[in-house]
Amino acid sequence: MPLPLPSPDHVRRLIQSAVLSLQDVLLLTWQTLRVFPGGRGAAHRLLAQLDAIGVRSVPIVLLTGLFTGMVLALQASVQLAPFGATLFVGRFVAASMLRELGPVLSGIMVAGRVGAGIAAELGAMKVTEQLDALETLGAEPVRVLVLPRVLAAAAAVPVLALIADAAGLAGAALVSSAYLGVPVRAFWGAAVDQIVLDGFVGGVVPADLVQGLVKPFAFGIILSLLACYHGLRASGGTAGVGVATTRAVVSASITILITDYFLTQLLLVLV
Amino acid sequence: MTLGIPTVAPVASAVALEQVSVAFQRPVLRAITLQVAPAETVAIVGESGTGKSTLLRLILGLQRPDHGTVRVMGSDVNAIDRHALRAIRAQVGMVFQGAALFDSLTTFENVAFGLREAGVLREDALRARVFETLALVDLDPEQVSHTLPAQLSGGMRKRVGIARAVAPRPALVLYDEPTAGLDPLTSATVTDLMQRLQRELQVTSVVVSHDIRAMLRIADRVALLRDGAFAFLGAPEAMRVSDEPYTRAFLAAA
């Protein structure tokens, strides 16, 4: 039996809801910018979030990067072996990790781990009136809760992407030398060649690295803002917190992937 | 002592609601008018869902009325900018129904929160103020300071909530169901505590509660909400002898 098509009214409501949500996220972004740099205690709050978002995400990003690099090396060898070009595995992995996989996987992993945590924490605070308590005690929730999380994520995700890149290259080098007969030195030589080949911005900074840092910076802002947005909007008790958490992770992951496409197009022109 | 928190000139009413109406899916408050004099204690009682807590949110500026004005310390809370609203809120303490303590902070940090935000006390003076306030609500500061809210009983959480609200020595304290969910003994202790705080700190209080007997004991005036309007507003003695049918039924059911 064919699935029934959504009614025009249903589609209209969906579009209306999406536009209203976008408007609310933009408003939250503006409110966050407005309270920068965050007033008294801002440094303390930022350090706490750098620890929660950045330092504590290192193991998961390290593992993700390591095994992604290992898989990439295996897959690349399958494609390159028929042409006797296994030595180019390093180039393939370097380009893939630095430009795409490091930033995107770090963003999505952090969205899953940290985004869910932020939405759950803020959502629980909302349904237990702790956000109202903050306001009555003279502390704006956007200043003490949202700003430090957004700043910490914007700073931490690029560093985490670099860690994923390094772990991915190390994993690929390991697999290349252990199974593909590519010496570690040759692997790294090929990886560096690729980075040089892709050029430098201002003659100094590798273009691959610029792409690999600009994207996770944007992803960090996106995932933290969306997580805060869904957490602050939670309603309906603990069930509402669960819904907010799911929405935070799903919306952040999808938005990261969509943003990645447009950022890639833009950066390919600019860099 | 004002702790450096912005002060305003004395006003005739600490809180003044004029013709305030609020509707969500249905009308919740209909053209409510209420004036609370400085140092007065007004209890708002009524059945569940009659808009008692909404009334407190209006006073705090957390909710905008559809119609009417809400003045706190002489200022219309819906017509001032966020800095002025923050200054008004600095003079208002709020005790939430579920205490709303910050889970990740210790008891000490919870009580110190408003003082730190005001930023006018040095660390030693702040510590002394927190300890003094914890003692005021019958908690042993040495014992509870380092505990997290999750480690406290319901009654203790409520008392920490009261301590957090009164630590900055506000001019006005709002209580949302301060005895809800407590056993009768703890409930009586919390009611006595509220009475003592009003006496010792001379604050204006607006108390939302379902506990009519306790409210008749501690309030200067009692307002009974029914269908978004006051069925009764007057002194406890007048309420006890009121011949208004709903008021009599409400008292009889308590």
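What is the handedness of the crossing of H2(A) and H6(A)? In this predicted model, the crossing is right-handed, a label given when the near helix is turned clockwise from the far one by less than a right angle, anticlockwise being left-handed. Residues are numbered from 1 along each chain as its sequence is written, with chains lettered from A and ligands numbered from 1 in the order of writing. Local features need pLDDT of at least 70 and side-chain atom pairs count only at pLDDT 80 or more, while totals for chains, interfaces and linings use all residues; side-chain values rest on heavy atoms, with hydrogens and water left out.

As for the overall layout, chain A has nine helices and two strands, taken as DSSP runs (helices H or I, at least four residues; strands E, at least two) numbered from the N terminus. Along the sequence the pattern reads α-α-α-α-α-α-α-β-β-α-α.

Helix H2 (residues 42-54) and helix H6 (residues 141-180) of chain A have axes that come within 8 Å and cross at roughly 50°; axes here are lines fitted to C-alpha atoms, for helices over the stretch in contact, with angles from 0 to 180 degrees between N-to-C directions. That makes H2(A) oblique to H6(A), since angles under 35 degrees count as roughly parallel, over 145 as roughly antiparallel, 65 to 115 as roughly perpendicular and the rest as oblique. Contact (heavy atoms within 4.5 Å) involves residues of H2(A) including A:Leu46, A:Leu50 and A:Ile53, and residues of H6(A) including A:Val144, A:Leu151 and A:Leu160. By class, there are eleven nonpolar, two polar and three charged residues; Ala, Val, Leu, Ile, Met, Phe, Trp, Tyr, Cys and Pro count as nonpolar, Asp, Glu, Lys and Arg as charged, and the others, Gly among them, as polar.

Helix H3 (residues 58-80) and helix H4 (residues 89-127) of chain A make another pair, with axes that come within 9 Å and cross at roughly 145°. This crossing, too, is right-handed. Among the residues that meet are A:Ile60, A:Gly65 and A:Leu72 in H3(A) and A:Phe92, A:Met97 and A:Arg113 in H4(A). The contact divides into 14 nonpolar, seven polar and one charged.

Two backbone details turn up in loops. A cis peptide bond, with omega about 10°, joins A:Phe36 and A:Pro37, and A:Pro37 is found between helix H1 (8-34) and H2 of chain A. A:Glu129, in the loop between H4 and H5 of chain A, has a positive phi near 65° despite not being glycine.

Turning to the interface, 19 residues of chain A are in contact with 23 residues of chain B. The buried area is about 1700 Å², with 51% from carbon and sulfur atoms; this is the accessible area (1.4 Å probe) that two parts lose on being put together, summed over both. A:Gln130, A:Thr136 and A:Leu137 supply 35% of what chain A buries against chain B, more than any other three residues.

Four salt bridges link chain A and chain B, each a side-chain nitrogen of Lys or Arg within 4 Å of a carboxyl oxygen of Asp or Glu. In one, A:Glu140 pairs with B:Arg82, the closest N and O atoms being 2.4 Å apart. A:Glu135 and B:Arg89 also meet in a salt bridge (3.1 Å, N to O), running from helix H5 (residues 130-136) of chain A to helix H2 (residues 82-89) of chain B.
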